[in-house]
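Try each task before reading its solution.

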Amino acid sequence: MNILVVEDEVLLASSLKEILEECGHTVECAYDGMEGLEFARSSHFDLLVLDLMLPKLNGFEVARTLRKEKNGLPILILTAKSDILDRVEGLDSGADYYLTKPFDRRELLACVNALLRRQGKEVNQISFGNTSLDIDSSELISGDNSIRLSSKEFQMMRLLLKEGKNNISKNLFLEKIWGYDSDATENNVEVYIGFLRKKLKTLSSNISIVASRGLGYHLEIRGDE
């Protein structure tokens, strides 16, 4: 799933990203409350891991603002503030769970999985047409045929399957998969789209990756095009 980590301690943010990515999630990091709020307003995240003591806008304010905007993104607060009043304020602000630092890796992952299951988002496969992506094995499957995807192919295919007929811009692919600080260009996206198209053809899949001029890429089922 796509997880947003808002944490101003860069080393801790990197550690959280590594832990979550080892479990197959795609992770984006923001380092202050204002940036985190803007990221969280995107419809592409499935969970927000939120620190409280943030520059520019604290975690309480981020959570309250999202809830006022009727944003139902699950929120896991992860903070050193362990006082009962802080816990109460965090939950009253709209958080779904409150985990204090230092935390145990196993407890963190249990909380993440519980929140994703609650939202119906912890799944082992994502499907479109006659084709599925197995989250655990990174295999693309169509009928009796299957093929393992590379890390970036897997991330791109997961995003395409999740969005289905909705267009995904090249810039969004670059942000989600290569990251904001990467030197990757739109040509990288085009190359990997080419790889995925070849693999879909090899599998005899009935889905196509369609380019919409100026809008990006989306999926269509052949025969519905």
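**Exercise 1.** Locate Ser-132 and decide: is Ser-132 buried or exposed?

*Solution.* Start with the chain. Ser-132 is found in strand β7, which covers residues 131-134. This is a predicted model. Next, take the relative accessibility of Ser-132, which is 13%. Buried means under 20%. Therefore Ser-132 counts as buried.

**Exercise 2.** Find what surrounds Ser-132.

*Solution.* Begin with side chains. Those of Ser-132 and Ser-127 make a polar contact at 2.6 Å. Then set aside the neighbours within four places in sequence. Ser-132 is in contact with Gln-125, Ile-126 and Ser-127, and also with Glu-139, Leu-140 and Ile-141.

**Exercise 3.** Describe how helix α6 packs with helix α8.

*Solution.* First, mark the helices: α6 spans residues 151-163 and α8 spans residues 186-202. Their axes come within 10 Å and cross at roughly 80°. An angle of 65 to 115 degrees counts as roughly perpendicular, so α6 is roughly perpendicular to α8.

Now list the residues that meet. From α6 come Lys-152, Glu-153, Met-156, Met-157 and Leu-160. From α8 come Val-189, Tyr-192, Ile-193, Phe-195, Leu-196, Lys-199 and Leu-200. Last, sort the residues of this contact by type: nine are nonpolar, none is polar and three are charged.

**Exercise 4.** How many disulfides does the structure hold, and are Cys-29 and Cys-111 buried or exposed?

*Solution.* Count the disulfides: there are zero. Then check accessibility. Cys-29 has 10% relative accessibility, so it counts as buried. Cys-111 has a relative accessible area of 7% and is buried.

Note on methods:
Residues numbered from 1 in each chain as written. Predicted model: local features only at pLDDT ≥ 70, side-chain atom pairs only at ≥ 80, totals over all residues. Heavy atoms only, no water. Disulfide = S-S within 2.5 Å. Buried < 20%, exposed > 50% of the residue type's maximum accessible area, 1.4 Å probe, protein only. Axes fitted to C-alpha atoms, helices over the stretch in contact; angles between N-to-C directions. Helix = DSSP H or I, 4+ residues; strand = E, 2+ residues; numbered from the N terminus. Parallel < 35°, antiparallel > 145°, perpendicular 65-115°, else oblique. Contact = heavy atoms within 4.5 Å. Nonpolar A, V, L, I, M, F, W, Y, C, P; charged D, E, K, R; others polar. Polar contact = N/O pair within 3.5 Å; in protein donor to acceptor, adjacent residues only side chain to side chain.
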